[in-house]
Amino acid sequence: MQKGLDLLLELYPQLAVDTRLYAIVTWDIANIYKSLGQMELYERFLVLAAISDQVCPLKENLAMQELAIYLYSHKPEEIDRAYRYIHCFMEDAQFYNNRLRILQISQKLPIILDAYQQKK
């Protein structure tokens with residue numbers, strides 16, 4: 001796993017943030033760090049993947065969904081951000097009629113929405 005991480009860390013700075021490959025590479029780096037228990041680096045690369053998802057024309061946005069869930073689970077003080085991210089993810093999924101993403105989010109949105117409303 002370390003060898004793969006080293007290769008990805010060498011590759012990602014050479015990629016443009018608005019490309020699908022950048023989103024994939026930063027997503028993979030984030031998940032390797034998560035499996036290694038390095039949550040700060042996981043969050044950092046998850047944010048980079050989410051940014052890339054937003055500027056990439058494919059609008060995959062899986063990283064944004066994962067970031068929202070991470071914030072909800074690990075940083076309850078960031079529930080406002082989690083709510084904004086999950087809401088943005090849902091809007092994109094609906095706009096592009098991405099049924100798989102709509103199904104995925106429909107299970108997670110109520111949890112974050114409830115926590116957000118309780119805070120308000």
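This is a predicted model: local features need pLDDT of at least 70, side-chain atom pairs count only at pLDDT 80 or more; totals for chains, interfaces and linings use all residues.
Let me start with one residue. Tyr12 counts as buried, because its relative accessibility is 14% and the cut-off for buried is under 20%.

Where does Tyr12 sit? Its place is in the loop between α1 and α2. If we leave aside neighbours within four places in sequence, Tyr12 is in contact with Tyr22, Val25, Thr26, Ile29, Arg44, Phe45 and Leu48. There is also a distance to note here: Tyr12 and Ile24 are twelve residues apart along the chain, and their C-alpha atoms are separated by 9.5 Å.

Two of those contacts, Phe45 and Leu48, take us to helix α3. This helix covers residues 39–55, which is 17 residues. At 1.5 Å a residue it should span 24 Å, and its end C-alpha atoms are 24 Å apart, so the two values agree. Which residues of α3 are buried? They are Tyr42, Glu43, Phe45, Leu46, Leu48, Ala49, Ala50, Ser52 and Asp53. As for what they pack against, the answer is α1, α2 and α4. On your screen, α1 is residues 2–11 and α2 is residues 20–35.

While we are at α2, a word on Ser35, which is in that helix. Ser35 counts as partly exposed, because its relative accessibility is 49% and exposed would need over 50%. Ser35 and Met1 are 34 residues apart in sequence, while their C-alpha atoms are 9.5 Å apart in space.

The buried residues in α4 are Ala63, Met64, Gln65, Leu67, Ala68, Tyr70 and Leu71. What covers them includes α2, α3, α5 and α6.

Two packed helices are described by the angle between their axes and the distance between the axes. I will take the pairs one at a time.

The pair α4 and α5 comes up here. Their axes are 8 Å apart and the packing angle is about 155°. Are they roughly parallel or roughly antiparallel? Roughly antiparallel, because the angle is over 145 degrees. The crossing of α4 and α5 is left-handed. From α4, the contact is made by Leu62, Met64, Gln65, Leu67, Ala68, Ile69, Leu71 and Tyr72; from α5, by Ile79, Arg81, Ala82, Tyr85, Ile86, Cys88 and Phe89. By class, that contact has 13 nonpolar residues, one polar and one charged.

On the α4 side we have Leu62, Gln65, Ala68, Ile69 and Tyr72, and on the α6 side Arg101, Gln104, Ile105, Lys108, Ile111, Ile112 and Ala115. How do the residues of this contact divide by class? There are eight nonpolar, two polar and two charged.

Beyond its neighbours within four places in sequence, Ile69 is in contact with Ile86, Lys108 and Ile112. Ile69 and Leu109 lie 40 residues apart in sequence, with their C-alpha atoms 9.2 Å apart.

That leaves α5 with α6. Their axes come within 9 Å and cross at roughly 150°, so α5 and α6 are roughly antiparallel to each other. The crossing is left-handed. In α5, the residues taking part are Ile79, Asp80, Ala82, Tyr83, Ile86, Phe89, Met90, Ala93 and Gln94; they meet Arg101, Ile102, Ile105, Leu109, Ile112, Leu113, Ala115, Tyr116 and Lys119 in α6. The class count here is 14 nonpolar, one polar and three charged.

Last, the loop between α5 and α6, where Asn97 lies. Its phi is near 50°, a positive value in a residue other than glycine. Asn97 has a relative accessible area of 47%, so it is partly exposed.

Definitions and conventions. Residues are numbered from 1 along each chain as its sequence is written. Side-chain values use heavy atoms; hydrogens and water are left out. Contact means heavy atoms within 4.5 Å. Helices (H or I, at least four residues) and strands (E, at least two) are DSSP runs, numbered from the N terminus. Ala, Val, Leu, Ile, Met, Phe, Trp, Tyr, Cys and Pro count as nonpolar, Asp, Glu, Lys and Arg as charged, and the others, Gly among them, as polar. The expected span of a helix is 1.5 Å times one less than its number of residues. Buried means under 20% relative accessible area, exposed over 50%, partly exposed in between (1.4 Å probe, protein chains only). Axes are lines fitted to C-alpha atoms, for helices over the stretch in contact, and angles run from 0 to 180 degrees between N-to-C directions. Angles under 35 degrees count as roughly parallel, over 145 as roughly antiparallel, 65 to 115 as roughly perpendicular and the rest as oblique. A crossing is left-handed if the near helix is turned anticlockwise from the far one by less than a right angle, and right-handed if clockwise.
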